[in-house]
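Open the model in your viewer and keep the sequence panel beside it.

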Amino acid sequence: MQDFADSLLLSLNLIVSGNPELWSIVLLSLRVSLTAVALAAVIGMPLGAALAVGRFPGRPAAIVLVNALMGLPPVVVGLVVYLFLSNSGPLGVLQLLYTPTAMIIAQVVLVTPIIAALTRQVVEDLDAEYAEQLRSIGVSRLASVPTLLWDGRISLLTALLAGFGRAIAEVGAVIIVGGNINHVTRVMTTTIALETSKGNLALALALGTILVVIAIAVNAAVGLIGPASQRIAHA
Amino acid sequence: MNRRLLVNLAAVIAAVTVLVPFGSMAQDKFIVVQSTTSTQNSGLLDAILPQFTEKSGIDVRVVAVGTGQAIKNAENGDGDVLLVHAKPAEEKFVADGWGVKRHDVMYNDFVIVGPADDPAGVAGSSDAVAALEKIAESQSAFASRGDDSGTHKAELRLWREAGVDTASASGDWYRETGSGMGATLNTGVGMGAYIMADRATWISFGNKGDHEVLVEGDPKLFNQYGVILVNPDKHPVVKAEEGQAFIDWLLGAEGQAAIADFKVDGQQLFFPNAD
């Protein structure tokens, strides 16, 4: 178990020394995954809310589908996005393959169903509670969506964090569409995969430790914003 | 009041996603090279590419995958240059019109590594085919790439020569990882299996466990690398001029010297042999 001790020292060393290469990889990871989550939220939240309050034929099937898509395998998403963005694919002309943008697209596909499905549940619960009140003051089902989303914002933060967790942790999709190109598309997870394949297990584990620390930092930051917003809203 | 939260959140996201520059990665001129894990995992490309970039101003972006996938990606036009090690597949790539011309670049050799206690008794042999026969006879665990890579193709050629039907032993003593060289080494070392690896990846590999080189020196273990410009007639997006500049450099005196100068632990890993 020498590797664990080595890697802990190594990760501390890497953090303290402020290795510029490492930080550019960390920043790219954050940039790709936070952008993907932001875009997925813009798509997924209204979609989830519409599924919650809407009444249309095929709604149960749509809900099952969105819930099932939470389990999309990253490597399959990577492959599909690759086939679209490849120079032989329909979107090859955009020249996006092996760029951070391609990685963001793949992660948006992965994260949107998670945010949509969790939003649907949150809004549906709130709707059950407030529907009668809202109707009585003349608010239509669809018009109640912004109110319900705002009311459920604390729960929805958890949906965002679930999406972020998926995005920052996955390697299957970004390694295919990004190519793990040094200084261009290399992120934390692809670096960890690369160092593991080089047999540098202690370094790989050290990078994994740093990734977990980053995830904790992001979650803590959101955890601070959440209750603060509650206080502001009730002040 | 509610707006303040939204503004804060938006500001945090904007700060990280928009304001963080991509830094030094924004070189205007670049080519994409589809290559194999062995050239990357050994550190060769990291060592020699900066020399080319400094001279030419062309950044080289390497996508390191198995030879099979590299060739497929290049056929799709997702690369300008192909640098791999499976000569028959490379010649087919050119013959089918996907590549312009194939050049020898460098070589090294494959080795068979295995646990020090050597259950099949192959240590010290320089006859790869006989060694594989012994491994099959003793049903000792063997970890294969199983991923259509150059190394995998070479391994399968040797099994055929040994007259061993690996398909029927698959899942038993013959274990196909379907992964890159490094991942297969990690797996093989973990299960005490024999593994055929390219010497460069093995020497620079950091997790050798109690495994060592047992079989080497057979001419059949020769491992030739070739470089090919992807055909711009098939894919107009191919940067033929920059790609050819890279190939010319690699085959020229400077590139060949850079390859020869690359050493890990004092050992030369690749031997230039451009014609």
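Select A:Val123 and show what surrounds it. Apart from neighbours within four places in sequence, A:Val123 is in contact with A:Gly48, A:Ala49, A:Ala52, A:Val53, A:Leu148, A:Leu149 and A:Gly152. This is a predicted model, and the contacts are computed from its atoms.

Is A:Val123 buried or exposed? Within 10 Å of its own C-beta atom lie 25 others, and 20 or more are needed to count as buried, so A:Val123 is buried. A:Ser33 is 90 residues from A:Val123 in sequence, and the two C-alpha atoms are 25 Å apart in space.

Now widen the selection to the helix that holds A:Val123, which is helix H5 of chain A. H5(A) covers residues 100–136. An angle over 145 degrees counts as roughly antiparallel, so H5(A) is roughly antiparallel to H7(A). Their crossing is right-handed.

Show side chains where the two helices meet. On the H5(A) side, colour A:Gln107, A:Leu110, A:Val111, A:Ile114, A:Ile115, A:Leu118, A:Thr119 and A:Val122. On the H7(A) side, colour A:Ser155, A:Leu156, A:Ala159, A:Leu160, A:Ala162, A:Gly163, A:Arg166 and A:Ala167. By class, this contact has 11 nonpolar residues, four polar and one charged. As you look along either helix, bear in mind that an α-helix has 3.6 residues a turn, so residues three or four places apart point the same way.

Next, select residues 188–197 of chain A, which form helix H9. How many of the residues of H9(A) are buried? The count is 10 of 10, and the helix is mostly covered. The buried residues include A:Met188, A:Ile192, A:Leu194 and A:Glu195. After H9(A) comes A:Gly199, where phi is positive, near 80°.

Zoom out to chain A as a whole. Chain A has 10 helices and zero strands. Its C-alpha atoms fill a box of roughly 65 × 50 × 30 Å along the principal axes. Of its 235 residues, 47% count as buried. Among contacts between residues at least 6 apart in sequence, 78% join residues at least 24 apart.

Hide chain A and turn to chain B. Colour domain 1 (8–107 + 223–272) and domain 2 (109–221) separately. The centres of the two domains, taken over C-alpha atoms, are 27 Å apart. Where they touch, domain 1 of chain B gives 20 residues and domain 2 gives 17. On the domain 1 side, helix H2 (37–41) and helix H4 (67–75) of chain B each give two or more residues. The largest share of that side, three residues, comes from H2(B). By class, the domain 1 side has seven nonpolar, 12 polar and one charged residues.

Last, select helix H6 (residues 128–137) and helix H7 (residues 150–162) of chain B. Their axes come within 9 Å and cross at roughly 75°, which makes H6(B) roughly perpendicular to H7(B). The contact is made by B:Ala128, B:Val129, B:Leu132, B:Glu133 and B:Ala136 of H6(B), with B:Leu158, B:Trp159, B:Glu161 and B:Ala162 of H7(B). By class, this contact has seven nonpolar, no polar and two charged residues.

Technical notes. Residues are numbered from 1 along each chain as its sequence is written. Chains are lettered from A and ligands numbered from 1 in the order in which they are written. This is a predicted model: local features need pLDDT of at least 70, side-chain atom pairs count only at pLDDT 80 or more; totals for chains, interfaces and linings use all residues. Domain bounds come from an automatic or database domain assignment. Two residues are in contact if their C-beta atoms, placed from the backbone, lie within 7 Å. Helices (H or I, at least four residues) and strands (E, at least two) are DSSP runs, numbered from the N terminus. Ala, Val, Leu, Ile, Met, Phe, Trp, Tyr, Cys and Pro count as nonpolar, Asp, Glu, Lys and Arg as charged, and the others, Gly among them, as polar. Axes are lines fitted to C-alpha atoms, for helices over the stretch in contact, and angles run from 0 to 180 degrees between N-to-C directions. Angles under 35 degrees count as roughly parallel, over 145 as roughly antiparallel, 65 to 115 as roughly perpendicular and the rest as oblique. A crossing is left-handed if the near helix is turned anticlockwise from the far one by less than a right angle, and right-handed if clockwise. A residue is buried if 20 or more other C-beta atoms lie within 10 Å of its own, exposed if 12 or fewer, and partly exposed in between; C-beta atoms are placed from the backbone.
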